[in-house]
Structures are given as C-alpha cells and as structure tokens.
Amino acid sequence: MKRLAGFLVGMVGLALAVFSGGALAATECNGVITGTVVGGVVVNAGDSCFLGGPFLGPYDGAHISGGVRVNPGGILFACASTINGGIVANGAANLIIGAEEIGCPGSVINGGVRISNTGPGVLSPAPSIALENSVIHGAVHLTGNQGPIAVAANTISGGLFCSNNAFDLDDEGSPSVVTGAIRCEFE
C-alpha cells in the first residue's frame, strides 16, 4: 500500500510539473548577454543579440546552457562565449561568431551548428555568416544560405556539410581543422 501511495504521489508530481509549464523557457535576447543563462537563448525577428561584450575592451563572455536559436530576421554576435546545446538558425539576417575583423574572440560551441536560409545579410560588407576562430564539438550544416559565408580558423569535430548555398565558403586564408567529412566547396 505504501508503495502504491508513493507511486501515485510521484505521478501527481510529474503531472503537475508537465502541465504547469515547469520547463525552463528560453531567454529572449535583444542586446548584450554576459554571465550564465540556463534554458537557452532565442533571438527573434528584428532583434540583435550580442553574446559576450563589450566590443571595445576585454570580453566578458556568456555561458549558455540550452543552446541558441535564431529565428527569421534575427542577428547574432557570439564572442568569447560557451554555448552548450549548439546553435540553430533558420532565416536569420546575420550570424557573426568569432570574427577577428571586429575584435570578436571565438567561442566554444558544444552541440553543433545548423544554419539554413540565412542572408543575404544586412551588415554589408560583412558576410551573412561568419563562423571563425571557434571550437565546435559537433557537425556544422550550412543549407540554402543566400549571402557570403566565411568559415575560417575553427576546430570542428563532427564534419562540415553544405548544400544549396548561393556562395562557396571563404576560409580567409586560414582553413579550419575538421574531424569528419567535408562536403563544402571553398573559394
């Protein structure tokens, strides 16, 4: 009887957790995030998210658990940050990760990167996607992107895959070290 009562109490607790919205919601980003964020980050249309800051001095990176999602029209800068859960972007305006041209140190991304339908970009002359100087534990998939793409000086464990992009990749003279298959063309 005690076991049955314990089981029922446990099931009621589980039901309350599921139906009360007990899951952590992603933090919406439109500005600068530093420090630790649990539950992930989402960048919505028209928003510009800076993971790590400031741009004019030493970086105080962000530590994200739960990944980063960039929705159509969002812009993401990730500098000197750690992202656990990877990055997923579909229809973003721009993604700038570790671009030394703007003094943005690379990041560590655990969980891979999936970028599709991004560009042609609003930060001209910057590429619509810059994935540079970072360590990526997981595959990188670039699909159907419409603007220039820079993939340079990274360490990628999991392969690099491209399909239906408007431009070949630019390694800016600093190829990435990739463990796994490479199915992309470079300029």
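Analyst: A polar contact here is a pair of N or O atoms within 3.5 Å; within protein, one of the two must be able to donate a hydrogen and the other to accept it, and residues adjacent in sequence count only if both atoms are side-chain atoms. This is a predicted model, in which local features need pLDDT of at least 70 and side-chain atom pairs count only at pLDDT 80 or more, while totals for chains, interfaces and linings use all residues. Residues are numbered from 1 along each chain as its sequence is written, and side-chain values use heavy atoms, with hydrogens and water left out.

User: OK, how far is the backbone oxygen of L51 from the polar side-chain atom of S81?

Analyst: The two atoms are 3.3 Å apart. S81 belongs to the loop between β8 (75–78) and β9 (82–84), where strands (E, at least two residues) and helices (H or I, at least four) are DSSP runs numbered from the N terminus.

User: Is S81 buried or exposed?

Analyst: S81 counts as buried, because its relative accessibility is 1%; buried means under 20% relative accessible area, exposed over 50% and partly exposed in between, using a 1.4 Å probe and protein chains only. Leaving aside neighbours within four places in sequence, S81 is in contact (heavy atoms within 4.5 Å) with L51, G52, G61, A62, G106, S107 and V108.

User: Switching to the inside: which residues touch the most other members of the largest nonpolar core?

Analyst: They are V41, L51, I64, V68, L76 and L142, out of 34 residues in that core; a nonpolar core is a set of buried Ala, Val, Leu, Ile, Met, Phe, Trp, Tyr and Cys residues joined through side-chain atoms within 4.5 Å. Another core, of six residues, lies apart from it and has I75, I96, A99 and A130 among them.

User: Tell me more about L142, then. Where does it sit, and what does it touch?

Analyst: L142 lies in strand β16 (residues 140–143) and is buried, with a relative accessible area of 0%. Once neighbours within four places in sequence are set aside, L142 is in contact with I115, I129, I149, V151, L160, F161, C162, S163, N165 and L169. One of these contacts, C162, is 20 residues from L142 along the chain, and the C-alpha atoms of the two are separated by 4.8 Å.

User: How many aromatic pairs does a search of the whole structure find?

Analyst: It finds one, with rings of Phe, Tyr and Trp (its six-membered ring) taken to pair if their centres lie within 6.5 Å, and with planes under 30 degrees apart counted as stacked, over 60 as edge-to-face and the rest as tilted. The rings are those of F50 and F77, with centres 4.7 Å apart and planes at 10°, so the pair is stacked. F50 is in strand β5 (residues 48–51) and F77 in strand β8, 27 residues apart, so that the pair links distant parts of the chain. F50 is partly exposed at 21% relative accessible area, whereas F77 counts as buried at 11%.

User: Last one: which peptide bonds are cis?

Analyst: The bond from G119 to P120 is cis, with omega near 20°, and a cis bond also joins S124 and P125, with omega about 10°. P120 is placed in the loop between β13 (113–116) and β14 (129–132), and P125 is likewise in the loop between β13 and β14.
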